[in-house]
Amino acid sequence: MRRRTDKESMNNVVWSGTWVAERLGVELVGDEKLSDLLGLALRRNPKRAHLLVSNVLGKHVPQSPSVVYGYGVALGRRVRELLGADEARTAVVLGYAETATGLGHSVADGVGLAPYLHSTRRSVAGVARAGGFEESHSHATSHLLLPEDPALLAGDGPLVLVDDEFSTGNTVLNTIRDLHERYPRGRYVVVALVDMRSPADLGRLDEFAREIGARVDLITAASGTVKLPEGVLEKGQELVARHERAVPAEPAPRDLGPVTRVALGWPRDLPDGGRHGFTPEHRARLDRALPAMAARLAEAIPGEARRILVLGFEELMYAPLRLAHELEQAVRGEVRYSTTTRSPVLAVDDPGYAIRSRIVFPAHDHPDDGPGERYAYNVAGAGFDAVVAVVDSAADTPALHAPDGLLAQLAAHTPSVLLAVVPSYVPGPSHGPERPPMLPEPLRGPAFSSYAPDEVGWLLQDLSDVTLEAPTEEREEAIQRGGAHYAESLPVEYQPSEQYQALFQAALDDSATRIAEAVGAVTEIVLAERSPRPVLVSLARAGTPVGVLMRRWAQHRHGLDLPHYAVSIVRGRGIDANALRWLADRHDPADVVFVDGWTGKGAITRELADAIREFEESDGISGFDPEIAVLADPGSCVRTYGTREDFLIPSACLNSTVSGLISRTVLRADLVGPHDFHGAKFYRELAGADVSVDFLDAVSARFAEAEDTVDARVKELLSADRAPTWEGWAAVERISEEYEIHDVNLVKPGVGETTRVLLRRVPWKILARAGAGADLDHVRLLAEQRGVPVEEVAELPYTCVGLIHPKYTRGATGADGKAVTV
């Protein structure tokens with residue numbers, strides 16, 4: 001077989017349907033770009049001799065993976081625009097095996113949040129059938145639906161059905177008829193690359209929609225019809241028979257040299273495709289893993305290869321497509337993508353024919369219908385310097401490596417053959433290993449905390465009966481001596497004097513309006529930019545009063561009843577993963593907004609970002625936005641805040657008695673198991689000193705008078721550049737060096753963090769900005785009570801900074817929460 005020129009393979013000279021059109025009189029009539037999308041070929045089929053061959057599907061014709069993926073994603077985006085954001089969020093996408101499995105997957109990517117399922121011809125033991133249908137014109141008609149989660153098809157959101165072509169509508173009608181009887185819904189969207197219905201078929205879809213009482217929309221990249229002359233079926237069959245007799249023998253496979261097997265590093269338990277369902281969380285895991293997998297492929301491909309084919313395997317279209325798409329960015333050569341197929345098509349080496357060559361090899365995945373031939377088209381003679389065969393592990397059998405198998409056949413046409421195997425995903429049986437115990441419902445007041453039960457649900461376990469406290473100096477000495485983590489014990493709760501309590505009340509009276517304005521501003525920013533119905537998740541415990549106030553503002557201003565929870569985050573240990581699992585099980589992670597009181601230097605901001613990334617990698621659950629919404633952002637660490645001023649937030653003045661009587665959170669192996677929430681204590685005995693609700697009510701009472709200021713501030717913030725500058729972190733690094741501390745974790749900037757140093761740590765000294773007034777009255781009082789010097793500084797970027805120095809204290813802790821020794 002002669003090698004084709006680049007000019008020919010680009011199909012710029014002759015339309016790849018010319019050969020069939022001239023011999024059978026078949027015509028394509030329709031959109032101008034129809035001939036760019038489709039060519040024609042012939043096949044032996046008693047129902048339809050001609051075959052529409054897509055140039056952009058990546059099945060029979062090797063094509064740039066960017067083009068293949070781009071067409072699917074673009075169609076998906078059109079679906080999202082048609083449905084709108086709310087309906088798109090509830091949609092499910094269903095693709096057809098084998099040809100449209102990758103296209104459907106790409107459409108689901110374009111829709112965005114839609115889970116994906118494709119039909120399959122491979123039955124899987126232990127997976128219950130959720131439906132099935134017949135494909136009337138196909139040589140293999142039995143399609144199975146085998147979702148791992150039976151509820152996947154049971155929702156009432158739109159069902160999006162994706163096929164490569166929409167010719168008669170029979171396949172779609174069969175599918176909808178079968179599924180609508182089991183899972184009726186009000187809306188369907190049919191998506192295809194081309195709509196090729198005849199005039200007689202055009203009205204059938206609308207009639208069927210009226211019959212079942214549902215809306216059915218159609219989205220395609222192009223439309224037209226195929227005009228067939230009289231007797232075309234018989235004439236086509238005769239033409240196929242004549243050319244099959246004249247087809248020259250395939251070249252004998254050459255001795256199969258060493259095939260380069262590439263270990264992809266496919267993520268554990270990530271489905272290989274949509275046979276059993278593929279969720280947005282799965283998609284996010286794949287997106288993160290793709291660059292590394294493509295890099296492994298690129299390293300294995302010979303450096304001199306300039307024309308590379310990534311060859312997928314029958315229904316396994318999406319994983320090879322995404323690998324090929326990523327590989328385009330990683331190699332200098334030209335990358336093309338196509339897949340093997342069960343479909344027998346006549347090959348004619350003519351530039352006016354869509355199938356120029358075919359490779360024939362035996363099936364190698366133990367198919368349900370027994371052994372048979374399989375095919376790879378337009379690979380032989382195409383001048384590929386390397387072919388990367390991508391199969392799932394169920395197909396990595398001796399037949400694949402046999403002398404007449406696919407790899408040997410490829411070796412006859414390319415100097416380099418590589419093999420990448422994706423683990424076949426098989427759902428575990430429903431009666432399989434026990435699932436982890438169900439996580440409990442949130443703790444609520446008055447049984448846990450002094451807040452009303454609707455104000456906050458605590459995703460914590462109650463450790464109130466466990467003795468965890470020790471005097472500050474003894475506790476931190478034990479931490480230093482044993483390398484223990486600070487979250488494994490609790491400091492003794494500081495009990496404020498009457499003088500200090502009076503100071504707190506005065507500060508609250510002075511700042512309540514200022515707090516209300518910041519609460520209103522940050523809540524409005526969240527509603528405008530993050531979600532119209534956010535799920536507030538406060539970082540316990542300092543974030544909890546702020547989360548309650550934000551919830552109250554949303555009720556006051558918009559009549560919203562927002563869910564609000566509190567979760568634990570521990571420096572060096574991350575956020576409570578079980579709490580995230582509980583949230584993801586009951587809410588859309590994209591609606592979750594993490595809330596804290598204020599930023600210092602941004603350590604918790606970074607901790608949360610790292611923890612969310614690790615959680616996504618371990619659990620495959622994506623969508624959580626690690627950006628924290630805070631009342632005050634003096635460190636310029638976030639873009640969602642009420643103010644960037646460093647001022648006194650009265651809730652920072654106290655510990656549990658302004659935070660619902662809840663302790664700092666605890667994480668200790670003997671108390672918190674792998675399936676438990678982090679722990680905390682409820683200090684019921686401190687009820688007499690509790691001002692938690694008083695604080696909330698004092699601020700909430702100022703909401704009405706704060707509205708105008710909030711409106712003006714929000715307008716200003718929404719139009720401003722709020723990108724974090726991390727000025728606070730830079731300032732802390734400078735202070736750390738100037739005072740010869742050399743550890744940023746021992747520098748606690750801002751009024752809130754300085755207050756914490758004085759209440760819970762062994763402080764060295766306090767830096768106060770010269771001229772700071774009443775905002776520092778409580779800091780000066782606490783410093784006086786603890787014998788800590790206050791040093792005024794002229795150019796301090798914060799109102800104040802608390803310093804802990806390892807040379808002078810036994811309680812200094814480093815970035816991982818453990819003691820620093822000098």
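Q: What is the relative accessible area of Cys 800?
A: Buried means under 20% relative accessible area, exposed over 50% and partly exposed in between, with a 1.4 Å probe and protein chains only. The model is predicted: local features need pLDDT of at least 70, side-chain atom pairs count only at pLDDT 80 or more, and totals for chains, interfaces and linings use all residues. Residues are numbered from 1 along each chain as its sequence is written, and side-chain values use heavy atoms, leaving out hydrogens and water. Cys 800 falls in the buried class, with a value of 0%.

Q: How many disulfides are there?
A: Cys 637 is also buried, at 4% relative accessible area. A disulfide is counted where a pair of cysteine sulfur atoms lies within 2.5 Å. By this rule the count is zero.

Q: Which residue of β3 stands opposite Leu 40?
A: Helices (H or I, at least four residues) and strands (E, at least two) are DSSP runs numbered from the N terminus. Strands pair if DSSP finds at least two bridges between them; β2 and β3 (residues 50-54) do so in the antiparallel sense, over five bridges. Leu 38, Leu 40 and Leu 42 point one way from β2, Gly 39 and Ala 41 the other, and all are buried. Opposite Leu 40 stands Leu 52.

Q: Which residue has its backbone oxygen 3.1 Å from a polar side-chain atom of Arg 530?
A: Arg 530 sits in the loop between α14 (498-529) and β22 (535-540). At 18% relative accessibility, Arg 530 counts as buried. The backbone oxygen at 3.1 Å belongs to Glu 627.

Key:
A polar contact is a pair of N or O atoms within 3.5 Å; within protein, one must be able to donate a hydrogen and the other to accept it, and residues adjacent in sequence count only if both atoms are side-chain atoms.
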